Amino acid sequence: MESTLITGCAGFIGFHLSKRLLDQGRLVTGLDSLNPYYDVNLKKARLAQLQGRTGFRFFEIDLADRQQVARLFEESSFSVVVNLAAQAGVRYSLTHPEAYIDSNLVGFGNLLEACRLRGVKHLVYASSSSVYGGNVRMPFSTRDGVDHPLSLYAATKRANELMAHVYSDLWGLPTTGLRFFTVYGPWGRPDMALFIFTKAILEDRPIDVFNHGKMQRDFTYIDDIVEGVVRVMDKIPPPNPDSDNSQPDRGRAPFRVYNIGNNHPAELMTFIETLEKKLGKKARLNLLPMQAGDVPATYADVDDLVHDTGFKPSTSIDEGIERFVSWYREYYQV
């Protein structure tokens, strides 16, 4: 029977998406390399909640291994592939560029080729709000050009969109890219601000607040991200032969790009104050200048997502942080 392949299934978003699809009774094949970019035990704890469930099977594979990826596709049948496996992190890309080349470019290329050869019906893949780079017009729209990335991570995500377009145009492989905006929630990544801040505050250590706190982020709760992905999975982009290819997020090929964000940017200091309230403890702030590769604000235009899928993210920061803190205290027993 055909199943859905989720790459990065032990990662933050991949784990939640896999759980959601299994709850719906779908067959899920999970792939993950379990690399040590952050705590592997957290990845294994996520994976433990998936393994043993009816309809789930797991393969420990690195997408950069072309032979293993090809073998998996030869031995399996996938109707939809959702690529959430990638080397994440803007700052890490400043010091470990090779990890991004191998995972985000070579790995994604291997996946595209496997999807083409095996006739996958729809490839959905994670892009990032980071592709907007130096853009200053708000909110960020998929109609805008994204030719000025500020980090190698952002450049690889933009490259993924261009690579996907080629496969859609030349071989008719339907592809949809999703530009995620600052995802947070239970089981989140330890390298993200909410996780770092929570741990430091509870341990009575100062937190580094860049750009002196004058940052805005379109914080998007994990359940909203998953809902958006599920809706997009079932909406295969059709070819549009009458298009003049003038829009960067769509054209003649069966190719689309969407933003998935809360459409409501919040000040970083508001985010920290909400976290303080949920923890019942004040933060010690270490105000610092802007970091290289970072941007002062993100803000998602989600009109196309709403129009095409009928869904708009809506979870408030107050509700989302409360759920994260509840999970964090339970998981770490603090």
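Let me begin with Pro313, which sits in the loop between α10 (303-309) and α11 (317-332), where helices (H or I, at least four residues) and strands (E, at least two) are DSSP runs numbered from the N terminus. Before I go on, please keep in mind that this is a predicted model, in which local features need pLDDT of at least 70 and side-chain atom pairs count only at pLDDT 80 or more, while totals for chains, interfaces and linings use all residues. Residues are numbered from 1 along each chain as its sequence is written, and side-chain values use heavy atoms, with hydrogens and water left out.

Pro313 is buried, with a relative accessible area of 3%; buried means under 20% relative accessible area, exposed means over 50%, and partly exposed lies in between, using a 1.4 Å probe and protein chains only. From C-alpha to C-alpha, Pro313 and Val302 are 8.8 Å apart in space, and they are 11 residues apart in sequence.

Now to the salt bridges, each of which is a side-chain nitrogen of Lys or Arg within 4 Å of a carboxyl oxygen of Asp or Glu. How many salt bridges does a search of the whole structure find? The search finds 22 salt bridges, and I will show you some of them. One of these joins the side chains of Arg189 and Asp191, at 2.7 Å from N to O; here Arg189 counts as buried at 19% relative accessibility, whereas Asp191 counts as partly exposed at 23%. Another joins Glu203 to Lys199, with the closest N and O atoms 2.9 Å apart, and in this pair Glu203 is partly exposed at 41%, as is Lys199 at 35%.

A further salt bridge is formed by Asp304 and Arg250, whose closest N and O atoms are 2.9 Å apart. Asp304 lies in helix α10 and Arg250 in the loop between α8 (222-233) and β11 (255-260), so the pair ties together parts that are 54 residues apart in sequence. Asp304 is buried, with a relative accessible area of 19%, while Arg250 is partly exposed, with 24%. Through salt bridges that share partners, Arg143, Asp249, Arg250 and Asp304 are joined into one network.

Let me turn to the cysteines. A disulfide is a covalent bond between the sulfur atoms of two cysteines, and here a pair counts when the sulfur atoms are within 2.5 Å. By this rule the count is 0 disulfides. Cys9 is in no disulfide, and its nearest cysteine sulfur, that of Cys115, is 16 Å away. Cys9 counts as buried at 0% relative accessibility, and Cys115 counts as buried at 1%.

Finally, some details of the backbone in the loops. Met138 and Pro139 are joined by a cis peptide bond, with omega about -10°, and Pro139 is placed in the loop between β5 (122-128) and α6 (152-171). Thr182, although it is not a glycine, has a positive phi of about 35°, and Thr182 is found in the loop between β6 (175-180) and β7 (183-184). His212, also a residue other than glycine, has a positive phi near 55°; His212 lies in the loop between β8 (207-209) and β9 (216-217) and is partly exposed, with a relative accessible area of 45%.
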